[in-house]
Amino acid sequence: MEFLSLITPLFLALVVGGTFVGIIFGAIPGMTATMAVAVCLPLTYSLGLENGLALLLGLYVGGISGGLVPAVLLGIPGTPSSITTTFDGYPMAQRGEGEKALRIGITSSFVGGTISLFALYFFAPTLADFAIEFSYVEKFLIILFALTVMAALSKDMLMGIFSGFLGIFIALIGTYDISDGGNGNLRLVPPGTEYWLDSGFSLLPVLIGLFGLAAILDEAELGVPKGQSREDVKIGSGSTFSFSVFKGQAVNLIRSSGIGTFVGILPGVGGSAASILAYSNAKTFSKTPETFGTGEPAGLMASESGNNGLTGGALVPLLSLGIPGDSTTALLIGAFTLQGIQVGPLFIGNNPETWNAMIFAMLIANVAMFAMMYVAIRYFALVVTIPKHVLFPIILMMCVIGAYTINYGIMFDVWTLLIFGLFGWVAVKLGLEVAPFIIGFILGPSAEIYFVKSLESFGDLTIFFTKSWIAAVLWVLIIGSLIASVYMSKRQRKLETRSS
Amino acid sequence: MDSLTQVTIDFDRSHLIFPTLIGSILVLLSLAIIAKRRHKLAEAGAYWGQITGHMDKPRFFGTLALTVLYFSLMVPVGDIWPNTGLGFLICSIPYVFATGVLFMHERTLKQMLVMLVISVFAPALVWWLFTEIFFLTLP
Amino acid sequence: MPFTRRTLLAAASTAALLIQPIAAAAQELPRNVRMVIGSTSTGGDTYQNSAIVADALAEHLGINIKVDAVGATEAFKALGRDSRGTTLMIFHDQSYLGNLYGVTGYDNPFEEYTVGQTVAINPGNAYLVSCDSPYQSMDDILSAAESGERVRVAIQPGGVSEIGFSAMKNAASVRAPGSEENIVAVNTGSQSDKNQAMWDDLADVINGSIQANEQFTQLPQDDQKCMRFVWITARAETLAQAPAEGMGDTTRDELLQYASPETSVTLDGEEDFTFDKEFFFLYNPEMDPAIIEQIDTALTEIYEAGEIQERQKASFFIPNFLPAEDARQHLMDKRDTYSEVIEQISGDS
């Protein structure tokens, strides 16, 4: 227990302070955990390794968790990994259960974070060895599996799938990125727009355009009707929260946390896939899948435990292979090298104190996140009582900051916000569906790279079926998910005809 | 038989494979949608007429116009004091105020004053926080 | 309306006041400088290097310098838009290698921009094989190619990661013309993709770095992740300046075994090919040259003080300050050498 000497009051203060700042970053639409870590990275130089990591890990846990606040209350995902949180959290808030939804989300986040932390602590090297069994082929199949959720999320199967593929298509605009293994050539860029579009559209501005600006345009179109009053939020009345909502959800929580952790472990699959996969699994295995998307607590639980499950998972490849599991942990490498510490397969063995201190920091961060958010919910929930004519301009301004700073100061990202705000507004009127669209957009680039690279490396289409037992298992899951979607959509139609 | 499934990828042209594949799927799906929905398509004109008819035009187009103006001015204004984020601050104040007033229903003097105070303080606070404390680049 | 003529006038005069210092001191760096870099990662070597230099420069000159990781294309765009000296750029050899390899978005930096001071070298560029590989050395690899064996090398195409691969092909062609055909590229992306390519048996040799791959070389032989260095591209003189304890459990002397002259990848049969990844300033071509001079002077003083070298060495960078003139000449010579290598092998195939 030598590491206990590293746990100083400063260490604890940094974890808690980091978590607090992280929550704020996560809660502001457009600001992400990655941004929070990037901003504070230079500070760690003077703090020393353990204290620096304490701050950064607090920011990481806080940032991932804070995203649920605007997702639930405003329907705008604060970070890409809280997209699926909006599906059920926002409908709950709309019917006046915002506070309850937040409490469910926070508790699930805590469960997800803690489960993944255990996985990290006890199985990191084993999990890393398993992760390197995943070649391009298996990674493509994981993405394909995540893409099947497009079908499950569609209200109208045909339009939903079309929207999803449109999302993939639009994500391909720009260069075939060299740093992902592409050849750096442009495609799908209309002549004359190369100056702006050579790197394509960035995810975050697209996301907040579709969910933030589009929603405000919708409201403007309707003449900005009055918002909920303080009574509507039902603070302490009506549908109160109690931990009994989690009854019967243990399997859901553990499965979702496990999925989140596992996606985190796979380098290059991307953090947003975690909550998407967790959500689609929860829906598939639910007895009442038709309630998903209408304010179903189980969906909220899956999404939030999934994205917090990512936190521990993403540290596995970082600390046991020296390879980051997502964009935030990529920055943590910087914190190590700033201090002259190598991360790689020998890290845990060579630096047991640092390793223990990190785990401890994560644990404190999860507890701090839970405690702080639980207390603050009351005030968060009041956001919906702010008059819309005050709230909307400020949201718009925050979206601009988020879009502009996400890539460290690129004005085109701000215009992207407007383009996709308008697109989102028109798309809904055309019957296109935003949820599958954004999922296609997020997963499109990875789907491309792994699909093309699989064929480039193995030169045979059958490789997708014959590569390994993992591939076979993934196919079972993909087919199962598709069958479930078709079955669900039939069942839903039957339910609708019966009720009408 | 083996040759049927074999593919050789030319790396220099590999950037076109996936766009072609997804593009073809999109074309097929749109054909299916057109076939299924041709009746609805015929009514498209009336549908959009209804939407624009019911729309709160001043608020909707006002928001768009203000936003375009806001985005266009931010960089030129910011260029006067490079790398200070003042372009953002100076443009945000009138934008927040104007949009707030546009969305307001009862435009009393008191409400306007409240909005004015908010539109000065909110951007200033945000600007201070992000440029001075977090050291981020704003226009 | 709150916006009376008086407030507008007041705003205008404040504006005028604020502009003044910029106008008065046109020959110097402005108070607020943005340093864009050619990488999008704030954890990578480019960022670290730039942050070290930006910190030192900002402190020395009493100004603010903000480092923005916008990535190569966006950085060049931002630099091209601003000739007032409010935007500077730091990048490495990729800036001209990208152009030599014809990557979209890369112009010739010596023509389109002004190349300035070099500040440091990252000596880490390396090539590795798996522990159970039959190849013990670069010599084995080149003779394998000569005897008709296909050697697959995982690289990220179009730059720093490819230049060593091009040199291998060039050396193969010098040694046994035609044998370069047997050295083939496996185009991958990040370091994790390159490692994975080795573990999936898609590549025999991978490009990597001392920093990222050293720990893998310390794993037990039977671990499937175990790797061995076969070549470090840095010049011996560069590597000799690294701390004696080297990196991790590999000492500097051990590292030197993999660099020229101990490990030879020939350039023309006489000299060895070497590659140091150097970080240097890039400026807008219309920017006032007085600013470059100002930075020359400031950096000379900073490097004389000696503190910056300590910080650079602590992060495994080799300090390498050259004033703008000398740096430009040095980098142009370097570019010409590599340009010949690339032409040589593309002429063959």
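Let's start with one residue: which residue in β10(C) is the bridge partner of C:T118? It is C:F280.

Before going on, some ground rules. This is a predicted model: local features need pLDDT of at least 70, side-chain atom pairs count only at pLDDT 80 or more, and totals for chains, interfaces and linings use all residues. Residues are numbered from 1 along each chain as its sequence is written, while chains are lettered from A and ligands numbered from 1 in the order in which they are written.

Back to chain C. Strand β4 (residues 114-122) and strand β10 (residues 277-283) run antiparallel, joined by six bridges. Strands here are DSSP E runs of at least two residues, helices are H or I runs of at least four, and both are numbered from the N terminus. Two strands pair if DSSP finds at least two bridges between them.

Now the whole sheet. Six strands of chain C form an open sheet with mixed pairing, in the order β2-β1-β3-β10-β4-β11. At the edges sit β2 and β11 (318-322) of chain C, each pairing on one side only. On average, neighbouring strands are turned by 25° against each other, direction ignored. Helix α3 (residues 72-81) of chain C packs on this sheet and touches β1, β3 (87-92) and β10. The direction of α3 makes about 145° with that of β3(C). Angles run from 0 to 180 degrees between N-to-C directions, and axes are lines fitted to C-alpha atoms, for helices over the stretch in contact.

Next, chains A and B. Here 49 residues of chain A are in contact with 49 residues of chain B. Contact means C-beta atoms, placed from the backbone, within 7 Å. Which helix gives the most to chain A's side? That is α19(A), with eleven residues.

So who does α19(A) meet? One partner is helix α6 (residues 86-103) of chain B: the two axes come within 8 Å and cross at roughly 145°. Residues of α19(A) in this contact include A:F392 and A:M397, and those of α6(B) include B:Y95 and B:F103. By class, the contact has nine nonpolar, four polar and one charged. Nonpolar covers Ala, Val, Leu, Ile, Met, Phe, Trp, Tyr, Cys and Pro; charged covers Asp, Glu, Lys and Arg; the others, Gly among them, are polar.

Last, chain B also meets chain C: nine residues from chain B and 13 residues from chain C take part.

Methods:
Contact = placed C-beta atoms within 7 Å.
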